[in-house]
Amino acid sequence: MTELVQISLPDGSVRAMERGSTPLDVAAAIGPGLAKAALAARVNGELRDIGRPFECDSELALVTVKDEEDALELVRHDYAHILAEAVQALWPGTQITFGPATDDGFYYDVKAPDTRDPFSMDDLPAIEEKMRAIIAADKPLIREVWTRERLIEKWGSEGESFKAEWARELPEDEELTVYWSGDPDAKDSWLDMCRGPHLASTGKLDPQAFKLMRVAGAYWRGDQKNAQLTRIYGTGWLNKKQLAAHLTRLEEAAKRDHRKLGREMDLFHLQEEAHGSVFWHPQGYRIWRELESYMRRRMDGAGYQEIKTPQLMDVRQWERSGHWGKYAENMFAVPDSVPDPEAAEQSGAPLIAGDSDMMALKPMNCPAHVLVFKQGITSYRDLPIRLGEMGCCHRNEPHGALHGILRVRQFTQDDGHIFCTEEQVVDEVRAFCRLVDSVYGHFGFSYQIKLALRPEKRFGSDEMWDKAESELRAAVHEAGMATEEYGWEELPGEGAFYAPKLEWHLTDAIGRTWQVGTIQSDRVLPERLDATYIGVDGEKHRPVMLHRAIFGTFERFIGVLIEHFAGRLPVWLAPTQAVVATIVSDADDYAQEVTAKLEAAGIRVTCDLRNEKINYKVREHSLAKVPHLLVVGKREAEEGTVAIRTLGEKDQTVMTLDEAIAMLKDAATPPDLRP
């Protein structure tokens, strides 16, 4: 009698299949179209190969291109394997390591044979051509389970030292799987160690839907003490149309790169003498100052009291807060001692006493804010207390992780901490949600809200985390933002080690997302630093501490704004809001008069009297992204008018000087100060 397994489908139906049947068999039983479209399967929630047999009664959901997240993960994984296969086919003796899927593609780390130099950009066209040949061959991708010993022997005998090293460290009781590209007995078959899953064959991939992008150096297992490898990056998609759209986005992103625009607009620079710290130029710092003034007004309006706290604090304070144990590797420690100048001169380097106490530059402001809160006796009547700080912090980010002003070592946060009772938490978080909505609206951003839940390693009890998570969840629901419109989602394991948090993910003009704002509900730090208030019962109680920021850091937010607006910042934020440029020298006096009146009206304006053609001036100021160029010649001087060229528009508008001043004053008014 044939043994059957019961397969439950998403529509509630159940199909009885012979034991040994696969998801592909189920798809074929439903219809040939589905069998052709099915790429993989979710069996009892686990993503699996379409041809892997059922072991028992199972719940089945077939994966097609409509399930884009799963489908992209699969094809990118396959592209990575085909990349490695192509490299080894072209250059025998190449050693392979690992190659995962990424957010927009894939990569594989390989070591070139000793007979040639490391792989370079020049090799990518040949690798792409070979990859397409492997896809065209439609080679089956076959899963097998091997023993640990067999894997070690396989890799060792073929000189794959990296794979052999990894195989030796695998648990003996773990099921180890390999995948063949091609029939295992065929001459051109290729093997890799992999958990899977994979598509049924290489031919399921679109040969025109991938592109190799670049190469970079990488170390085996990420340790610079180990062998150096070449990491080959690619981008992979479900079809040619998706690839073309992605490449267009990359091209647009390159045009918007804040580092490029920062140079063109003379906003800032970075250099090796201060890794990860920004040298702000006058134009760039003007943007900073406008943002700071804006945020200060918003915080004042929301009832925050601004404070300023020290950069350096004794390491013992960071031990008490828990940061030294969890975060020390990202902190800059400083000895509390004075170097001996004579000894330093003799040695050629500063000398530090071995018994010095240690100080640390603050990587965050929260412990210092607790110390401010603890000064004096606080009553429940004083709560909530909202403390804000434009706080400069330092974090010891690896050099390789630094990226322009988007990821730096020295940064300033629009930081704030709310100390409140448990009963006040939901109201405070709800009010913050509405404040954030208003701020991001002023910059034209749409956003999504995510709730990051408890990580595996954390401080505090489960009861505490249950309470904190439920408060944040309730606040978003009460604000009416726990909806699809706001991209509401919960992220298991993504919270901080001391608190769950709400995250705001901004969407920019070309569809990229940036995690910026946050609020965290913390009961751990008040406990560790012994923060208390006197309750209505006359006893001491712990406040809840809400950590919050809207811009996140000024550096990163400015970088995001530059890329979002492609440098064409709103007039109120533009460092130079207008330039008065002359056509002929006869208009110099009038140009200076116009400039003086604009300055008196509060417009940030400069006057360009250079003996250059007007088209040259227009190009130059357009490159600097000046919003308005006021062109004046002999006629304008006689008539008391200006010809205004607005950035991005082809035509110019002639108006009286008074009309121009009124127009510019209106455009230059920050959004929170508008009626």
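**A tour of the sheet and its salt bridges**

Start at R48: with 9% relative accessibility, R48 counts as buried (buried is under 20% relative accessible area, exposed over 50%, partly exposed in between; 1.4 Å probe, protein chains only). This is a predicted model, where local features need pLDDT of at least 70, side-chain atom pairs count only at pLDDT 80 or more, and totals for chains, interfaces and linings use all residues. Residues are numbered from 1 along each chain as its sequence is written, and side-chain values use heavy atoms, leaving out hydrogens and water.

E46 forms a salt bridge with R48, with the closest N and O atoms 3.3 Å apart (a side-chain nitrogen of Lys or Arg within 4 Å of a carboxyl oxygen of Asp or Glu). E46 counts as partly exposed, at 39% relative accessibility.

Now select A41. Its bridge partner in β4 is R48. Four bridges join β3 (residues 40-43) to β4, and the two run antiparallel. Strands are DSSP runs of E, at least two residues; helices are runs of H or I, at least four; both are numbered from the N terminus. Two strands pair if DSSP finds at least two bridges between them.

Show the whole sheet. Five strands form an open sheet, ordered β2-β1-β5-β3-β4, with mixed pairing. The edge strands, β2 (14-18) and β4 (46-49), each pair on one side only.

Next, R116 and D123. Their side chains meet in a salt bridge, 2.8 Å from N to O. R116 is partly exposed at 22% relative accessibility; D123 is buried at 12%.

Finish at E428. Its salt bridge partner is R386, at 2.8 Å between the closest N and O atoms. E428 sits in helix α14 (residues 425-442) and R386 in strand β19 (residues 385-394), 42 residues apart.
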